Amino acid sequence: MRFSVVGATAVLACALGFPVLAQTGQTLRDGAAIAPEPQAQIIRKSTSGTKANQLFGSKGAPSAHKPAAIGTYAKGCLAGGVQLPESGPTWQAMRLSRNRHWGHPETIQFLKELSAYAATQPGWSGLYLGDISQARGGPMLSGHQSHQLGLDADIWLYRPTRLNLSRAERERLSSTNVRSGDQRSVNSNWTQQHANIIKRAAEDPRVDRIFITAPAKIWMCNNTRGNRKWLQKVRPLYGHNTHFHVRLKCPRGQAGCINQTPTVKALSKGGDGCDATLNWWVTDYLNPPKKVTQTKKKPAKKTPRKRGARDYTMADLPKQCMTVLQSN
């Protein structure tokens with residue numbers, strides 16, 4: 001069966017929320033009509049061998065589309081992204097030179113609300129906010145494998161006492177490490193206020209899960225009384241001892257966005273995640289059992305390196321992401 005180019009273009013336009021010119025088969029984008037299919041094919045071919053992170057990393061402004069998260073957290077893009085203001089009444093964006101403070105409107109609103117709550121904690125003026133996404137999402141030139149949909153955000157564990165940092169200070173300042181030297185517990189930098197802020201985030205129905213160093217989750221498991229349901233969303237992960245990573249669920253009505261699986265409920269088997277799987281992070285993960293060597297064993301075959309986000313080309317991403325990339 002053959003599908004018409006006009007029909008395929010119309011379906012794509014509807015998925016992204018673009019108006020369709022039914023009589024001409026073209027879609028309106030950025031105030032102008034999309035080029036005819038032959039030219040679009042030329043554009044696709046010209047970028048086919050270029051890494052997607054180079055293409056998305058070169059875009060400093062969002063696409064002129066209705067906001068939409070497209071694909072998965074580690075293989076997708078962001079249409080109609082919104083930029084978090086550099087400073088607000090209860091937040092400051094850090095590492096401004098990266099230009100990674102773009103997100104879905106729901107993410108930006110969530111961060112503003114969480115920072116307002118943080119400002120109610122003793123000694124806290126609000127939050128220092130790290131990376132969200134690039135202007136059009138997609139794979140990044142460095143760092144994260146995820147953060148591609150505008151639904152992920154890194155929140156520093158540094159306690160802000162002032163919100164008037166200069167641009168230079170935002171580049172130099174390092175966040176606070178809350179993990180002990182042996183990586184098995186939290187250190188004196190960890191406070192009840194950190195736990196309160198994470199609890200507040202986890203209780204938000206927009207949040208899918210939160211990643212943080214395992215010792216912090218262990219501390220919260222051992223010191224939480226009463227309602228413990230929110231702990232299910234707090235997931236232990238290496239590399240999160242100076243910030244916690246909040247991942248929002250796909251916004252309602254956006255069929256092109258795919259939530260992460262397995263769900264936190266499945267991962268914790270309906271519990272709060274305060275079990276042996278958590279203790280693994282401070283036992284076997286740090287000191288894995290030694291493998292027993294066998295004599296006359298054949299040399300192991302080299303396993304091909306798994307492709308990551310910085311290896312992707314546009315062919316690896318959802319087709320809608322090409323439209324997002326081409327937007328003027």
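## Burial and the basis of the model

A residue counts as buried when its relative accessible area is under 20%, as exposed when that area is over 50%, and as partly exposed in between. The structure is a predicted model.

## Disulfide pattern

Three disulfides turn up in a search of the whole structure. With the bonded cysteines counted along the chain, the pairing reads 1-6, 2-5, 3-4.

## Cys 77 and Cys 321

Cys 77 is bonded to Cys 321, with an S to S distance of 2.1 Å. The torsion about this S-S bond is -95°, which makes the link left-handed. Because Cys 77 belongs to strand S5 (residues 75–79) and Cys 321 to helix H10 (residues 320–326), the bond ties together parts that are 244 residues apart in sequence.

Cys 321 has a relative accessibility of 0% and therefore counts as buried. Cys 77 is also buried, its relative accessible area being 0%.

Strand S5 is mostly covered, with four of its five residues buried. Strand S4 (residues 68–72) runs antiparallel to S5, and five bridges join the two. Together S4 and S5 make a hairpin, with two residues between the strands. Within this pairing, Ala 68 stands opposite Ala 79 of S5.

## Cys 221 and Cys 274

A disulfide also links Cys 221 with Cys 274, where the sulfur atoms lie 1.9 Å apart. Its handedness is left, at -80° about the S-S bond. The bond links distant parts of the chain, 53 residues apart: Cys 221 sits in helix H7 (residues 214–223), and Cys 274 in the loop between helix H8 (264–267) and helix H9 (276–279).

The two ends of this bond fall into separate accessibility classes. Cys 221 has 7% relative accessibility, so this residue counts as buried. Cys 274 has 27% and so counts as partly exposed.

## Cys 250 and Cys 257

Cys 250 and Cys 257 are joined by a disulfide with 2.1 Å between their sulfur atoms. The angle about the S-S bond is -75°, and the link is left-handed. Both Cys 250 and Cys 257 are buried.

How values were computed
Residues numbered from 1 in each chain as written. Predicted model: local features only at pLDDT ≥ 70, side-chain atom pairs only at ≥ 80, totals over all residues. Heavy atoms only, no water. Disulfide = S-S within 2.5 Å. Buried < 20%, exposed > 50% of the residue type's maximum accessible area, 1.4 Å probe, protein only. Pairing = 2+ DSSP bridges.
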